[in-house]
Amino acid sequence: MESLHPDVQGILLSEKDIQDVVSRMGAEISRDYAEKNPLVVAVLRGAVVFMADLMRAIDCPMAIDFMAVSSYGEGAKSSGVVRIVKDLDTKIEGRDVLIVEDILDSGLTLSYLMRMLSNRNPASIEVAAFLVKDVPGNRPAVTPRYVGAHVPDEFIVGYGLDFAERYRNLPYIGILKPEVYQK
């Protein structure tokens, strides 16, 4: 049993659960992209831990690149402003692109990113989201092709996900105690 960080109220996905999800997603992606040599793009910073594990679970030729977009800043709520902090180094025209995302909430930032990348004429753009947040009455602006797990509408941390740049190194997915982010 993993030790619970004092700021975390409970574990949603254990290390073993995460390994199982990543293995399943890697097998699905390997099957679907077997002959395509996709460019797998991690959205930094949250997706880097997932990306590192996922790329080792993909058993087909692939390349990787990274983008950083910002819409949150230091707070718990989105600022509503999307800006590209780091763009791709790889040309994507004619390439199959798979965007790796840590958590899909409203999908607004990812929708913006996909529209921007579509203008570069890739062969395809799909999304692999490690987590999809189930928000009652809300349907994300993007439907990922690959979904790791669904999580409740809580503030989730661990396995790359953070609050104010903390908790990314937790080896599990946990729910942050409200008193931590409501200060």
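This is a predicted model: local features need pLDDT of at least 70, side-chain atom pairs count only at pLDDT 80 or more; totals for chains, interfaces and linings use all residues.
Colleague: What makes the set around Ile-29, Phe-50 and Leu-54 a nonpolar core?

Modeller: A nonpolar core needs buried nonpolar residues joined through side-chain atoms within 4.5 Å. The largest set of this kind has 28 residues, and those with the most contacts inside it are Ile-29, Phe-50, Leu-54, Phe-130, Leu-131 and Ile-173. At least two residues each come from helix H1 (15-32), strand S2 (39-44), helix H2 (48-57), strand S5 (96-104), strand S6 (124-134), strand S7 (146-152) and strand S9 (173-176). H1 gives the most, with five residues.

Colleague: Which residues does Leu-54 touch, leaving out those up to four places away in sequence?

Modeller: Leu-54 touches Val-22, Met-25, Gly-26, Ile-29 and Val-100. There is also a second, separate core of 20 residues, which includes Met-67, Met-116, Ala-129 and Val-142.

Colleague: How do you know that the buried residues of H1 line one face of the helix?

Modeller: The buried residues of H1 are Ile-18, Val-21, Val-22, Met-25, Gly-26, Ile-29 and Ser-30. Seen down the axis of H1, these residues fall within an arc of 160 degrees, so they line one face. In an α-helix there are 3.6 residues a turn, so residues three or four places apart point the same way. The cover over the buried residues of H1 includes strand S1 (8-13), H2, S5, S6, S7 and S9.

Colleague: How does the span of H1 compare with what is expected?

Modeller: H1 has 18 residues and reaches 26 Å from its first C-alpha to its last, close to the 26 Å expected at 1.5 Å a residue.

Colleague: What makes you say that H2 has a buried face?

Modeller: Phe-50, Met-51 and Leu-54 are buried in H2. Down the axis of H2, the buried residues fall within an arc of 95 degrees, so they line one face of the helix. They are covered by elements that include H1, S2, S3, S5 and S6.

Colleague: Which residues are buried in helix H3 (residues 108-118), and what do they pack against?

Modeller: In H3 the buried residues are Thr-109, Leu-110, Ser-111, Leu-113, Met-114, Met-116 and Leu-117. They pack against S2, strand S3 (63-70), strand S4 (83-86), S5 and S6.

Colleague: Why is the pair of Phe-155 and Phe-163 called edge-to-face?

Modeller: Ring centres must lie within 6.5 Å for a pair, and planes over 60 degrees apart count as edge-to-face. The rings of Phe-155 and Phe-163 have centres 5.5 Å apart and planes at 90 degrees, so the pair is edge-to-face. The count by this rule comes to five aromatic pairs. Phe-50, Phe-130 and Tyr-159 form one aromatic cluster.

Colleague: Are Phe-155 and Phe-163 buried or exposed?

Modeller: Buried means under 20% relative accessible area. Phe-155 has 15% relative accessibility, so Phe-155 counts as buried. Phe-163 has 13%, so Phe-163 counts as buried.

Colleague: What makes Lys-36 lie over the face of Tyr-33?

Modeller: The charged atom has to be within 6 Å of the ring centre and within 35 degrees of the ring normal. Lys-36 lies over the face of Tyr-33 at 5.8 Å from the ring centre.

Colleague: Why does Leu-39 count as buried?

Modeller: Leu-39 has 0% relative accessibility, so Leu-39 counts as buried. Leu-39 lies in strand S2. Leaving aside neighbours within four places in sequence, the contacts of Leu-39 include Ala-63, Ile-64, Thr-90, Ile-92 and Val-97. Leu-39 and Val-97 are 58 residues apart in sequence and 4.9 Å apart in space, C-alpha to C-alpha.

Colleague: Why is Tyr-159 called buried and Glu-165 partly exposed?

Modeller: Under 20% is buried, over 50% is exposed, and in between is partly exposed. Tyr-159 has a relative accessible area of 7%, so Tyr-159 is buried. Glu-165 has 40%, so Glu-165 is partly exposed. Tyr-159 is found in the loop between strand S8 (156-157) and S9, and the place of Glu-165 is in the loop between S8 and S9. Tyr-159 is not a glycine but has a positive phi of about 50 degrees. Glu-165, not a glycine either, has a positive phi of about 65 degrees.

Colleague: Which peptide bond is cis?

Modeller: The bond from Leu-44 to Arg-45 is cis, with omega near 5 degrees. Arg-45 is in the loop between S2 and H2.

Technical notes
Residues are numbered from 1 along each chain as its sequence is written. Side-chain values use heavy atoms; hydrogens and water are left out. Buried means under 20% relative accessible area, exposed over 50%, partly exposed in between (1.4 Å probe, protein chains only). Helices (H or I, at least four residues) and strands (E, at least two) are DSSP runs, numbered from the N terminus. Contact means heavy atoms within 4.5 Å. The expected span of a helix is 1.5 Å times one less than its number of residues. The arc is that of the directions from the helix axis to the C-beta atoms. Rings of Phe, Tyr and Trp (its six-membered ring) pair if their centres lie within 6.5 Å; planes under 30 degrees apart count as stacked, over 60 as edge-to-face and the rest as tilted.
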